[in-house]
Amino acid sequence: MNHTVRHVEISGLTLVAVLVAVASLNPLAISVIVPSLPSIRTDIATDLVTVQLVLSGYLVATAVGQLFVGPLSDRFGRRPVLFTGFIVFIVAGIGCALASSIGALIIARIVQGLGGCAGIVISRAVVRDLFERDRAASVLGYVTMGMALAPMVGPILGGAIDDVFGWRAVFLLIAGASVLILLLAWIVLPETKVAAVRQPDASPFANVAILMTIPSFWAYALTAALTSGVFFSFLAGAPFIATELLDLSAVDVGLGLLFVSLGYFAGNFLSGRFSQRLGVPFMILSGNILLLATVMIMVILFAAGWLSAWTLFAPVAFVGLANGISLPSAIAGSISVRPELAGTASGLGGSLQFGVGASGALVAGASLGASPSALTLAAVMAIFAVSGAAAGLWSRYARGGGD
């Protein structure tokens, strides 16, 4: 049964722009605060390990929160859940700015993450409500292309505000931006989860169990999660390699990481242009092949002893490009296996993506602690790349595929 909403009167460009803003709030809240961690540590007089919980606590809350946001949006509708999440995010952001202790700040950040994850889940679900699978992959490409800008500008913006006004002003900036986005969403975004296909009499979390029995959901979701693991493992290990083995500065590392964002931006642009024409399976296969080839080249370079700033950072532009090509299609596939459960699928798949990504960071850190070399990092990335490619192949044949 096709429940696709066709009567939206808002222009496509305006709708996509607002979805980009809604989806970008969470990555902005992650990246904009990173330059302020030293200031927070000094001002509140805490230690390095504890202040890192301001970031990691938010990430864990984002992963866990998606498990609840998705099913609730399938039962109660997209708009109520999105706006509730935004209100929680705004109040928690103000709480962060007013926090007088590191414990209060960490708790406020965890609450902020629980609210902020609504933007990621709902934006994906709205796209699937409005468009068929291949077209959804194309639109998601443009949405995530806009999202890629947040990690690029977030640290620069946050650092500048911290230098002039202090770290508390950074949280007030996030809260202010979320108020503006909330107003835009209230005006522009329609309720795309029509009442006729909601399930008010059923437990919303029963839908999680339904999805977990569908092989194709797991195939698509694992494709997205494992390919994301390549990026997260690099993100965790590259700064160590760059500073300890190459003696690069923090600024050099930041500039090097721009290669990933630029590649991801380009890959999402290609997804937006070609996903509808070429189809989800082709885009996943193309991205996985490019990702595998890139990571294997890194393994060969580092095994041969060719380690430099260029061999460390330049190839990850193609890692970003590959992920930008495959991820929108993998996500579109996962939320299309049961279109009426798009919210639940978006939340469950997003939580899996964050969870596997976090595990990639942990594995990379632990591996480098045992064997500090660029080849070790490349080997960890290769494990995730091969696993992601296997999941991508599985998605071509798994039962229960979407339309």
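**Cavities and a helix crossing**

α7 gives the most to the lining of the second largest cavity, with four residues. Helices here are DSSP runs (H or I, at least four residues), numbered from the N terminus. This is a predicted model, where local features need pLDDT of at least 70, side-chain atom pairs count only at pLDDT 80 or more, and totals for chains, interfaces and linings use all residues. Residues are numbered from 1 along each chain as its sequence is written, and side-chain values use heavy atoms, with hydrogens and water left out.

The second largest cavity holds about 40 Å³ of space. A cavity is a set of points, on a 1 Å grid over the protein atoms alone, where a 1.4 Å probe fits but cannot get out; lining residues have an atom within 4 Å of a point. Grid points are joined across faces, edges and corners, and the volume is the space filled by probe spheres set on the points. The lining consists of Ala23, Ile120, Ser123, Arg124, Leu140, Val143, Thr144 and Met147. Two or more of these residues come from each of α6 (102-130) and α7 (133-147). By class, five are nonpolar, two polar and one charged. Ala, Val, Leu, Ile, Met, Phe, Trp, Tyr, Cys and Pro count as nonpolar, Asp, Glu, Lys and Arg as charged, and the others, Gly among them, as polar.

How many cavities reach 30 Å³ or more? The count is two. α11 (215-245), α15 (316-334) and α16 (342-370) each give two or more residues to the lining. α16 gives the most, with five. The lining has five nonpolar, five polar and one charged residues.

Now take α6 and α16 together. Their axes lie 8 Å apart, and the helices pack at an angle of about 135°. Axes are lines fitted to C-alpha atoms over the stretch in contact, and angles run from 0 to 180 degrees between N-to-C directions. α6 is therefore oblique to α16, since angles under 35 degrees count as roughly parallel, over 145 as roughly antiparallel, 65 to 115 as roughly perpendicular and the rest as oblique. The crossing of α6 and α16 is right-handed (the near helix is turned clockwise from the far one by less than a right angle).

From α6, the contact (heavy atoms within 4.5 Å) uses Ile120, Val121, Arg124, Ala125, Arg128 and Asp129. From α16 come Ala342, Gly343, Ser346, Gly347, Gly350, Gln353 and Phe354. Five nonpolar, five polar and three charged residues make up this contact.

Technical notes. 1 Å grid on protein atoms, 1.4 Å probe; cavity = no way out; pocket = protein on both sides within 12 Å on 5 of 7 lines; lining within 4 Å.
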